[in-house]
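Please open the model in your viewer and keep the sequence panel beside it. The tour below goes from one selection to the next and says what is found at each stop.

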Amino acid sequence: MVDNTLDATGLRCPMPLLKAKLQLGTMTPGQKLEVLATDAGSARDIPAWLAHTAHELVSSDEEQGRFRFIIRVGKQE
């Protein structure tokens with residue numbers, strides 16, 4: 001179960017990542033954000049960025065060119 005969904009389908013890099021960053025900034029620690037994207041760069045960019053934050057990548061998958069990420073919000077810095 002997720003708390004919010006960000007539909008970034010059709011947006012090109014770096015917009016899915018930027019929009020995810022903005023959305024995560026409005027959420028409280030422990031909440032989950034689902035990010036949907038069609039840009040292949042998201043599969044690389046979002047996990048790489050999350051590795052340098054307090055947020056946690058809970059899961060990620062790809063089906064027919066659509067990427068789905070579940071992110072648990074960490075403590076805001």
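**A tour by selection**

Select Asp45 to begin: this residue is buried, with a relative accessible area of 18%, where buried stands for under 20% relative accessible area, exposed for over 50% and partly exposed for anything in between (1.4 Å probe, protein chains only). What you have open is a predicted model, in which local features need pLDDT of at least 70 and side-chain atom pairs count only at pLDDT 80 or more, while totals for chains, interfaces and linings use all residues. Residues are numbered from 1 along each chain as its sequence is written, and side-chain values use heavy atoms, with hydrogens and water left out.

Arg44 is exposed, at a relative accessible area of 56%.

The structure holds four salt bridges, and the next one to display is that of Arg72 with Glu56, with 2.7 Å between the closest N and O atoms. Arg72 lies in strand β4 (residues 66–72) and Glu56 in strand β3, so this pair ties together parts that are 16 residues apart in sequence; helices (H or I, at least four residues) and strands (E, at least two) are DSSP runs, numbered from the N terminus. Arg72 is partly exposed at 27% relative accessibility, and Glu56 is likewise partly exposed, at 39%.

Now show Arg68 and Asp61, whose side chains meet in a salt bridge at 4.0 Å, N to O.

Move on to His55, in the loop between α2 (42–50) and β3 (56–63). Is His55 buried or exposed? At 11% relative accessibility, His55 counts as buried. Not counting residues up to four places away in sequence, His55 touches Leu24, Trp49, Leu50, Ile71, Arg72, Val73, Gly74 and Gln76, contact being heavy atoms within 4.5 Å. To display the distance to Gly74, draw a line from the side chain of His55 to the backbone nitrogen of Gly74, which is reached at 2.9 Å.

Finally, select residues 6–30, which UniProt lists as "domain: UPF0033" in an unreviewed entry. Over residues 6–30 the chain is 44% helix and 12% strand, and the end C-alpha atoms are 17 Å apart.

Definitions and conventions:
A polar contact is a pair of N or O atoms within 3.5 Å; within protein, one must be able to donate a hydrogen and the other to accept it, and residues adjacent in sequence count only if both atoms are side-chain atoms. UniProt positions are given in the numbering used here, feature names are shortened, and annotations may be inferred rather than shown by experiment.
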